Amino acid sequence: MATKAKRLKVDDGPEVDPLQNFLQWCNRVGLDLSNKVCVSKEGTVAEYGMLAKDNIEEGEVLFTIPRSALLHQETTKVSALLDKEKSCLESSSGWVPLLLALLYEYTSPQSHWKPYLSLWTDFKTLDHPMFWSKEERDRLLSGTGIPEAVDTDLANIQREYSDVVLPFIAKHRDVWNPDTHTLELYTQLVAFVMAYSFQEPQEEDDDENDDDDEEEEEEKAPNPPMMVPMADMLNHVSKHNANLEFTPDSLKMVCVRPISKGEEVFNTYGQMANWQLLHMYGFTEPYPSNSNDTADIPITNIYKVAAQGAGCDVGRRLLEEQWEMLGQMMQEKGAVVFGKQGCLTDTELHTVLKVLCMSEEEFSEFKANEGWEEDEEDEISLAFSNEGLPGLKASWKWLLHEAARLTLRSYGDWAEGVDSHQAPTEDRVALGGLSSRQQKALQVRCGQQSILHRLMELTKS
């Protein structure tokens, strides 16, 4: 069964039901909701979700949102100030203007978006790993890449708040207040944007112009994120049945395959592995249902394995030269990525294996020729697919096999009494004995480890 991060609890007081209040607001702002769907807490995989009240055909519009109802830096009440001061709000994330808008609107009793934002009365129930303790994060998620990503996020958030946001707030105390608009609230709103915002795709240029225009197109910055009421009610699965479309006047949620009465309507957040879903959204799809799962093998692990087999001093010196050459050839020596069907970064992997497995004569010739003739991309792609991996050169297979083994060791012991190498994902009793965070960590680890075990099977001698 698909799952989604628990939606934030709402205070269902006797006076106003937040959901009904939100739906009334949707009517007032011109959000058109099809009578074939409803928003509900019952029968959905998370606290909120959307259900089909009738059979829905492909192509039917489920709801239409006027652009005036979207919440971002150009629609907020403080938009003029944000635009006037935009030169001092630049940051690596590009999110500061939206986050300042949210700081203002979320704490303003008169906010136009109050019925929408009131659905989230307490951000503390967001369960992104950034809100776990470092000890818990490192223990449960070791080897997945998430702890390192979160450490980077938290450092960037703190730097952005202290260097950009706080000076701006101090300059405009008539609008913001450092005692109210704290680093803690700012961090919670970053998680809110990570989990619930949408980014409009760049418009495609229809003109077939010269290379300069193509380069200019490539340099365009991505559109900033924005909050899209109603669209963020939909939960995600990789095999979704609805998709958000952008038009000049509105955004439309459109059915992309038939939905039967009683079924949940699912959007997609893109082709995302479970580690990305947990990092960005605070939830996972149950193992093994996420068809987009991936596992990384650090290129340094391939080098470490090669160093173990280098043997004599001559072999080690050659390997050091080859490693240095790879540093010049590749912008960054990060990781090669494997999915369920094979390597997703096959060109990079081909380069690494080819260079590290060269003989001294081959490497000398390679340097003299300043490279090699490029192999066909299709041939490389096939060679590193699950079908092609068993047919690789023996030296390449050995390197991959041992690098996968080394990577598997990085996961460590994650929970007392639970072996994630023999994960109880199909044992409901065992799963039920785990905390919510342990279960999510398990789904991530199982997905990654199964890909690595499969790679070892395909590359064994």
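Gly43 sits in the loop between strand E2 (37-40) and strand E3 (49-52), where helices (H or I, at least four residues) and strands (E, at least two) are DSSP runs numbered from the N terminus. This is a predicted model, so local features need pLDDT of at least 70 and side-chain atom pairs count only at pLDDT 80 or more, while totals for chains, interfaces and linings use all residues. Residues are numbered from 1 along each chain as its sequence is written, and side-chain values use heavy atoms, with hydrogens and water left out.

**Gly43 and its surroundings**

- With a relative accessibility of 62%, Gly43 counts as exposed; the cut-offs are under 20% relative accessible area for buried, over 50% for exposed and partly exposed in between (1.4 Å probe, protein chains only).
- Leaving aside residues up to four places away in sequence, Gly43 touches Leu51 and Glu264, a contact being heavy atoms within 4.5 Å.
- Glu263 is 220 residues from Gly43 along the chain, yet their C-alpha atoms are separated by 8.5 Å.

**The chain as a whole**

- The chain's secondary structure comes to 17 helices and 13 strands.
- Of the 461 residues in the chain, 49% are buried.
- Take the contacts between residues at least 6 apart in sequence: 73% of them join residues at least 24 apart.

**Helices H6 and H9**

- Two packed helices are described by the angle between their axes and the distance between the axes.
- Helix H6 (residues 146-171) and helix H9 (residues 274-281) have axes that come within 10 Å and cross at roughly 30°; axes are lines fitted to C-alpha atoms, for helices over the stretch in contact, and angles run from 0 to 180 degrees between N-to-C directions.
- H6 and H9 are therefore roughly parallel to each other, going by a scale where angles under 35 degrees are roughly parallel, over 145 roughly antiparallel, 65 to 115 roughly perpendicular and the rest oblique.
- On the H6 side, the contact is made by Ile146, Ala149, Val150 and Asp153, and on the H9 side by Trp275, Leu278 and His279.
- By class, the residues of this H6 and H9 contact are 5 nonpolar, 1 polar and 1 charged; Ala, Val, Leu, Ile, Met, Phe, Trp, Tyr, Cys and Pro count as nonpolar, Asp, Glu, Lys and Arg as charged, and the others, Gly among them, as polar.

**Helices H11 and H12**

- Helix H11 (residues 313-329) packs with helix H12 (residues 346-356) at an angle of about 155°, their axes being 9 Å apart.
- That makes H11 roughly antiparallel to H12.
- Leu319, Gln322, Trp323, Leu326 and Met329 of H11 meet Thr351, Val352, Val355 and Leu356 of H12.
- That H11 and H12 contact has 7 nonpolar, 2 polar and no charged residues.
- H12 is mostly covered, with 8 of its 11 residues buried; among them are Asp346, Leu349 and His350.

**Backbone details**

- The peptide bond from Tyr287 to Pro288 is cis, with omega near 5°, and Pro288 is in the loop between H9 and strand E11 (294-298).
- Met230 is not a glycine, but it has a positive phi of about 80°.
- Met230 lies in the loop between strand E6 (226-227) and strand E7 (235-236) and is buried, with a relative accessible area of 0%.

**Cysteines**

- The chain's count is 0 disulfides, a disulfide being a pair of cysteine sulfur atoms within 2.5 Å.
- Cys255 is buried at a relative accessible area of 2%, and Cys343 is buried at 8%.
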